[in-house]
Amino acid sequence: MGVVEAKEIAAIVDRHGREASKLLPILQETQRRYGYLPEEAMQQIADALSLPVAKVFGVATFYSLFAVAPKGQHIIRVCENAPCHLRGAEEVFAALREELGIQPGETTADGLFTLEQTSCLGVCGVAPVMMVDEVVYGNLTPTRVREIIANYRRAAVGE
Ligand code: FES
């Protein structure tokens with residue numbers, strides 16, 4: 001994509017120090033800058049720290065706080081803990097996967113949605129629950145989630 005500028009990565013690396021032990025804070029800052037960790041950036045970080053690219057990529061994919069692909073415009077997080085599970089989260093999740101045509105961790109081809117699973121969102125009283133960005137939706141059913149997705153799609157095309 002060519003969005004990564006070598007001098008920007010060099011500046012991030014220099015702020016933390018060119019040492020392998022600084023890899024995590026360097027990756028964190030790089031992710032803050034780009035919203036995820038572009039492959040190009042990971043290559044440049046590996047070179048700067050004299051580490052194998054595979055090592056940098058391994059660390060980036062090991063920690064769930066890092067994303068190695070761009071995220072969608074909306075992040076959908078579905079609660080998978082027991083109270084939600086017992087009240088139908090699995091059916092809701094299946095409806096979402098079907099409606100969006102993606103699996104957890106993936107982003108729709110139009111770049112509109114990224115689907116993720118999460119642990120308890122602290123609103124078990126209205127289980128099953130999902131969050132779209134900062135908005136919590138409770139008492140979900142497969143029909144309801146399809147409506148919610150349709151609303152976001154309509155909003156995206158400005159209807
Ligand atoms: S278990 Fe789902 S919100 Fe608490």
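Author: What follows covers a helix, the domains and a loop residue. This is a predicted model, where local features need pLDDT of at least 70, side-chain atom pairs count only at pLDDT 80 or more, and totals for chains, interfaces and linings use all residues. Residues are numbered from 1 along each chain as its sequence is written, and side-chain values use heavy atoms, with hydrogens and water left out.

Reader: Which residues of helix α1 are buried?

Author: In α1 (residues 6-16) they are I9, I12 and V13. They cover an arc of only 95° around the axis, so they sit on the same side of α1. The arc is that of the directions from the helix axis to the C-beta atoms. Buried means under 20% relative accessible area, exposed over 50%, partly exposed in between (1.4 Å probe, protein chains only). Helices are DSSP runs of H or I, at least four residues, and strands are runs of E, at least two, numbered from the N terminus.

Reader: And what is exposed on the other side of α1?

Author: K7 and R15.

Reader: What do the buried ones pack against?

Author: α2 (23-34) and α3 (39-49), with contact meaning heavy atoms within 4.5 Å.

Reader: Other topic: what does the domain assignment give?

Author: Domain 1 (6-62) and domain 2 (74-156); the bounds come from an automatic or database domain assignment. Taken over C-alpha atoms, their centres are separated by 32 Å.

Reader: Where is A109?

Author: A109 is in the loop between α6 (89-100) and β2 (113-118). A109 is exposed, with a relative accessible area of 90%.
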